[in-house]
Amino acid sequence: MSDASRTASGAADWDALRAIATDAMRLSYSPYSRFPVGAAAIVDDGRTVRGANIENASYGVTLCAECSLVSDLVMSGGGKLVAFTCVDGHGAVLMPCGRCRQLLFEHSAPGMLLETVSGVKTIDEVLPDAFGPRTLKEYED
Ligand code: THU
């Protein structure tokens with residue numbers, strides 16, 4: 001996907017990114033909860049990736065929109081996420097669930113920004129003292 005979600009100065013264009021998340025939300029498969037979710041993020045090389053929740057009759061198997069977004073990230077070439085947003089069925093900002101904050105942390109660039117229900121925050125603010133790849137590396141040494 002193109003670089004439509006950045007302003008001329010290179011900052012995240014949150015309105016444009018939310019619009020991509022809202023389009024993704026319309027692709028959601030959520031017959032059980034009837035709670036569609038869409039997500040979109042900017043990658044450090046300028047790509048935009050997106051996802052929607054994909055539910056399952058075995059409820060616990062449900063994939064959150066963030067899972068689908070991370071699959072899009074990896075399958076479209078990898079990289080690190082620099083800006084992320086997530087929306088509900090009305091296109092309003094939705095806070096990523098705890099599990100998904102962990103999922104996003106793994107693939108985040110340092111200082112990744114998230115549009116949240118209480119403003120733009122960094123990944124460290126929404127997942128303080130996170131367990132991640134660097135923690136495992138420390139145990140190797
Ligand atoms: N959901 C997401 O896709 N992401 C979140 O961060 C919160 C929850 C989905 C899972 C399920 O399909 C529906 O929202 C209701 O929980």
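1. Asp 129 is exposed, with a relative accessible area of 81%; here buried means under 20% relative accessible area, exposed over 50% and partly exposed in between, computed with a 1.4 Å probe and protein chains only. Asp 129 is found in the loop between helix 4 (123–126) and helix 5 (133–140), and has a positive phi of about 50° although it is not a glycine. Helices (H or I, at least four residues) and strands (E, at least two) are DSSP runs, numbered from the N terminus.

2. The model is predicted: local features need pLDDT of at least 70, side-chain atom pairs count only at pLDDT 80 or more, and totals for chains, interfaces and linings use all residues. Residues are numbered from 1 along each chain as its sequence is written, and side-chain values use heavy atoms, with hydrogens and water left out.

3. Arg 34 has its place in the loop between helix 1 and strand 1 and is exposed, at 70% relative accessible area.

4. The loop between helix 1 (14–25) and strand 1 (38–43) also holds Tyr 29, which is partly exposed with a relative accessible area of 42%. Tyr 29 belongs to a nonpolar surface patch with Tyr 32, Ile 54, Tyr 59 and Leu 63, together about 520 Å² of accessible area. Patches are made of residues with over 30% relative accessible area and no salt bridge; like charges are joined within 9 Å, nonpolar side chains (Val, Leu, Ile, Met, Phe, Trp, Tyr) within 5 Å. A salt bridge is a side-chain nitrogen of Lys or Arg within 4 Å of a carboxyl oxygen of Asp or Glu. Areas come from the Shrake-Rupley method with a 1.4 Å probe, and for residues only the protein chains shown count as cover.

5. Five strands form an open sheet of order 2-1-3-4-5 with mixed pairing; two strands pair if DSSP finds at least two bridges between them. Strand 2 (48–52) and strand 5 (119–122) are at the edges, each with a single partner strand, so one side of each lacks a neighbour in the sheet. Strand 1 and strand 3 (residues 81–87) pair in the antiparallel sense over six bridges, and Ile 42 stands opposite Ala 83 in strand 3.

6. Helix 3 (residues 98–106) packs on the sheet, touching strand 3 and strand 4, and its direction makes about 145° with that of strand 4. Contact means heavy atoms within 4.5 Å; axes are lines fitted to C-alpha atoms, for helices over the stretch in contact, with angles from 0 to 180 degrees between N-to-C directions.
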